[in-house]
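Open the model in your viewer and keep the sequence beside it. The stops below are meant to be taken in order.

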Amino acid sequence: MGDPVFKSSVELTLKVIGGKWKPVILCHLTDGIRRFGELKRDMPDITQKMLTQQLRELEEDGIVDRKIYTQVPPKVEYSLTSYGASIKEVLDVMAEWGLKHQEKVKEHV
């Protein structure tokens, strides 16, 4: 019935980075530090509430770092932690697979 360690580790990975928005957020953060407004502008279909929630979950999992500047107006920056930067390898593989899938879909249209 397959390797249970493999299955559980895939489940754990998806628990941390799965969903509609987390991989997209992580892709934007692989380019460097982003402010909340920049992320929101780059992902116009995500709600402010959902972006906040996803960033908090990624922060809790040690993937994203949030830096708050005490100024008026408040300034908050998000970046990948050194541990979070390791996710780029996973995102690269996902992007490669997505391109292959896109080609396969085009063949059947």
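This is a predicted model: local features need pLDDT of at least 70, side-chain atom pairs count only at pLDDT 80 or more; totals for chains, interfaces and linings use all residues.

Residues are numbered from 1 along each chain as its sequence is written, and side-chain values use heavy atoms, with hydrogens and water left out.

**Stop 1: two helices**

Select residues 22–29, helix α2, and residues 48–60, helix α4. Helices here are DSSP runs of H or I with at least four residues, strands are runs of E with at least two, and both are numbered from the N terminus. The axes of α2 and α4 are 10 Å apart and meet at an angle of about 75°. Axes are lines fitted to C-alpha atoms, for helices over the stretch in contact, and angles run from 0 to 180 degrees between N-to-C directions. The two helices are therefore roughly perpendicular (65 to 115 degrees; under 35 is roughly parallel, over 145 roughly antiparallel, the rest oblique).

Now show the side chains in the contact (heavy atoms within 4.5 Å). Helix α2 contributes Lys22, Ile25 and Leu26, and α4 contributes Leu51, Gln54, Leu55, Glu57 and Leu58.

**Stop 2**

Keep Lys22 and Glu57 selected. They form a salt bridge, with the closest N and O atoms 2.8 Å apart (a side-chain nitrogen of Lys or Arg within 4 Å of a carboxyl oxygen of Asp or Glu). Glu57 lies in α4 and Lys22 in α2, so the pair ties together parts that are 35 residues apart in sequence.

**Stop 3: two strands**

Select residues 64–69, strand β2, and residues 75–80, strand β3. They pair in the antiparallel sense over six bridges (strands pair if DSSP finds at least two bridges between them). A hairpin of five residues joins β2 to β3. Tyr69 has Lys75 of β3 as its bridge partner.

**Stop 4: further salt bridges**

From Lys75, go to Glu77: these two form a salt bridge with N and O atoms 3.7 Å apart at the closest. Glu77 is buried, with 14% relative accessibility. Finally, select Glu59 and Arg66, another salt bridge, at 3.4 Å between the closest N and O atoms. Glu59 is partly exposed at 27%, and Arg66 is partly exposed at 33%. The structure holds six salt bridges.

Note on methods
Buried means under 20% relative accessible area, exposed over 50%, partly exposed in between (1.4 Å probe, protein chains only).
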